[in-house]
Amino acid sequence: MIYVARRAASSLLVLLAVSLIAFLALGSAPGDAATALAGDSASAAQLADLRADLGLDRAPLARYGAFLEGLVTRWDLGSSLVGGRPVIELVLERLPYTIGLALAAVTLAAALGGLGGTLAALRSGTLLDTMVMAGAALGVAIPTFWSGLLLILLFSLHLRWLPVTGADGPAHLILPAVTLALPTAAAVARLVRSGLLDVLGTDYVRTAHAKGLTPHRVVVGHVLRNGLVPVTSVLGLQLGHLLGGAFIVETIFGWPGLGRLAVQAIFDRDEPVVLGAVLVAATMYLLVNLLVDVAHGWLDPRVGREAI
Amino acid sequence: MALPTLMISSARTRCARLLAVRGVRPDVCEDAYDGGRRCERRWFRHTSMSLIVGGLIVALFLFTAVAAPVVTSFAPDQVRAGPRLAPPSQTHPFGTDTLGRDMFSRVLFGAAIAVRAAVVGMGIAALLGIPPGLLAGYRGGWLDRLLSRLIDVWLAFPGLLLALVVVARLGPTLTNAIIAVGLLGAPGFYRLARGLALSARRMAYVEAATAVGCSEGRVLVRHILPNLTSSLVVFATMRAGTAILAVGGLSFVGLGAQPPSPEWGALLAAGRSHMDTAPWLAVYPGLSMTFTVVGLNLLGDGLRDLWNDISCPQKRYD
């Protein structure tokens, strides 16, 4: 319990620092909100008035304080400079899409990578192993924005099995999830393979064989259980990454997630929206990390004690 | 080649026999052997291959980047070098784009941009990450704790999100995308340098250098750093591929290189809308990128295992 509390407290501190950096980087950009709102034709006096209205004439730290207060007391992330809608609304609208895509991709990556890595480890040195590892080497190197295009070319344009873009149903989820899952699956396969090979060489596995357990029970009950603990952490981390970093794949498939919102906001110079999206993504990332650490300590009791 | 194979099989039989005496089933003996020494041997053979293949790919990539103006017969932005959207042919091996520009020269000139992204991006990351990492690992104490917390904050921006913040602040250009990718890579170098310095601190050669009166700076730069070079080079080689992918990704969504730049990600973005009619626009830039990144990863793998083998020669006698 103390371990969890300490980790939660330090996550909160990191989040505070992240919000400060993001606010200073985005909230005080040179082409400020007043210029963007008033347009090119506004006079200097009008601009000054607008700045005072928006609170832009105050020192950055004071503005950060006000921002933080609004965030904590009223869940207020400011308003979009383009549509005028509250940023929190825009972000919450996109959040389910981002979470859905990230979960689908990580589940797929775990299944694909886990299966490939286990087969490669159990048949190490065979053609199957070489093929799985070659596939993994390719999967790590292939850019998602290329594999995504190739998948569209094959499954949407040639075979016409799946829709190209949009988010109207489960069929729309398949291609982006596969695209996102490929590099993660490749990394997972490598990790599972090396983890299992390590465990396969240990004394307790030999003991398990020696006491007459079937190979199946040895693999499922002894090898996988210990060999997969590091994999759960990596999958968790990947989930966190995908929650914030999937904007490229979201752009290819027109998936209305958080990342695409942020990219569009950068083009529109809509800093409050960029800031909101970044903060929400970072919060989710830290939250997932915290959960992963807690889960890790639970799966492998040695971890929690060491960390304290 | 015949002798080592013979030795493997005889050792394998010996192992099987020994285990069989203890009542272990033959297939289990084989597995136990596979999980152990034979696997290591295969790895070694494997890695020499990855060093050669990776080295060749990276050499080809570097050669392309330097020799692009000589090898190609068209300038990368020369419009109407051929008919518009012409499929690959002898004069235009990679076809032409919507403005009739030669895709072969564009992809080749794109290699020069990728080299820049990899070298400058990794350079920024190394410069920002290695010195504080060395200092934190060597000194320990409050400085280490402070710097490590700072890196935690840095890493709390998941994926390319930090790059997004940087580009949002500085504006979408190729240079800013490369700067962003450099910032993204710095924590990795920091952690590696810190870990290495932490273990080097207790080594005899560092104690000896301190004992003869070397200053802290001299110990770090003249004694510890040269010993860490191989690890840092391996890491930089592997991360160079990531840098190319990240700059390409930012350019692809419009936050990096802008048209008419022949950056590979930007080429893919431009080819995207003609995928149905002119797939070569999207195929060749992506293929070059994947090929280069595979090469860099293989080279990194190969170098790591090469240097590991040199540093522990007993591995060669198993």
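This is a predicted model: local features need pLDDT of at least 70, side-chain atom pairs count only at pLDDT 80 or more; totals for chains, interfaces and linings use all residues.
Chain A has 15 helices and 0 strands. Its C-alpha atoms fill a box of roughly 85 × 55 × 30 Å along the principal axes. The chain has 308 residues, and 40% of them count as buried. Of the contacts in chain A with a separation of 6 or more, 73% are between residues 24 or more positions apart.

Chain B holds 10 helices and 0 strands. Along the sequence, the pattern is α-α-α-α-α-α-α-α-α-α. Of its 318 residues, 46% count as buried. Among the contacts in chain B between residues at least 6 apart in sequence, 66% join residues at least 24 apart.

The two chains touch. In this contact, 42 residues of chain B meet 45 residues of chain A. Six elements of chain B are named here: H2 (26-71), H4 (141-155), H5 (161-170), H8 (216-252), H9 (264-271) and H10 (280-311) each supply at least two residues of the side that touches chain A. H2(B) gives the most, with 8 residues. By class, this side of chain B divides into 25 nonpolar, 10 polar and 7 charged residues.

One helix pair in chain A is formed by H13 (residues 258-267) and H14 (residues 271-299). The axes of H13(A) and H14(A) lie 8 Å apart, at an angle of about 150°. Angles over 145 degrees count as roughly antiparallel, and H13(A) and H14(A) are therefore roughly antiparallel to each other. The crossing of H13(A) and H14(A) is left-handed. On the H13(A) side, the contact is made by Leu258(A), Leu261(A), Ala262(A), Ala265(A) and Ile266(A). H14(A) contributes Val273(A), Val274(A), Ala277(A), Val278(A), Val280(A) and Ala281(A). The contact of H13(A) with H14(A) has 11 nonpolar, no polar and no charged residues.

Ala262(A) belongs to helix H13 of chain A. This residue is buried, with 27 other C-beta atoms within 10 Å; the cut-off for burial is 20 or more. With neighbours within four places in sequence left aside, Ala262(A) is in contact with Phe247(A), Val274(A), Ala277(A), Val278(A) and Leu164(B). Ala262(A) and Val132(A) are 130 residues apart in sequence, and their C-alpha atoms are 36 Å apart in space.

Leu164(B), one of the contacts of Ala262(A), is also among the buried residues of H5(B). Just after H5(B), Gly171(B) takes a positive phi of about 100°.

The crossing of H8(A) and H10(A) is right-handed. Gly195(A), Leu196(A), Val199(A) and Leu200(A) of H8(A) meet Val223(A), Asn226(A) and Gly227(A) of H10(A). This contact of H8(A) with H10(A) has 4 nonpolar, 3 polar and no charged residues.

Helix H4 (residues 60-74) of chain A has 15 residues. From its first C-alpha to its last, H4(A) reaches 20 Å, close to the 21 Å expected at 1.5 Å a residue. Just after H4(A), Trp75(A) takes a positive phi of about 55°.

The backbone has further sites of note. Most residues other than glycine have a negative phi, and most peptide bonds are trans. Arg160(A) is not a glycine, yet has a positive phi of about 55°. Arg160(A) lies in the loop between H7 (144-158) and H8 of chain A. With 9 C-beta neighbours inside 10 Å, Arg160(A) counts as exposed. Leu85(B), also not a glycine, has a positive phi of about 50°. Leu85(B) is found in the loop between H2 and H3 (103-139) of chain B. Leu85(B) is partly exposed, with 16 other C-beta atoms within 10 Å. A cis peptide bond joins Pro259(B) and Pro260(B), with omega about 10°. Pro260(B) lies in the loop between H8 and H9 of chain B.

Terms used. Residues are numbered from 1 along each chain as its sequence is written. Chains are lettered from A and ligands numbered from 1 in the order in which they are written. Two residues are in contact if their C-beta atoms, placed from the backbone, lie within 7 Å. Helices (H or I, at least four residues) and strands (E, at least two) are DSSP runs, numbered from the N terminus. Ala, Val, Leu, Ile, Met, Phe, Trp, Tyr, Cys and Pro count as nonpolar, Asp, Glu, Lys and Arg as charged, and the others, Gly among them, as polar. Axes are lines fitted to C-alpha atoms, for helices over the stretch in contact, and angles run from 0 to 180 degrees between N-to-C directions. Angles under 35 degrees count as roughly parallel, over 145 as roughly antiparallel, 65 to 115 as roughly perpendicular and the rest as oblique. A crossing is left-handed if the near helix is turned anticlockwise from the far one by less than a right angle, and right-handed if clockwise. A residue is buried if 20 or more other C-beta atoms lie within 10 Å of its own, exposed if 12 or fewer, and partly exposed in between; C-beta atoms are placed from the backbone. The expected span of a helix is 1.5 Å times one less than its number of residues.
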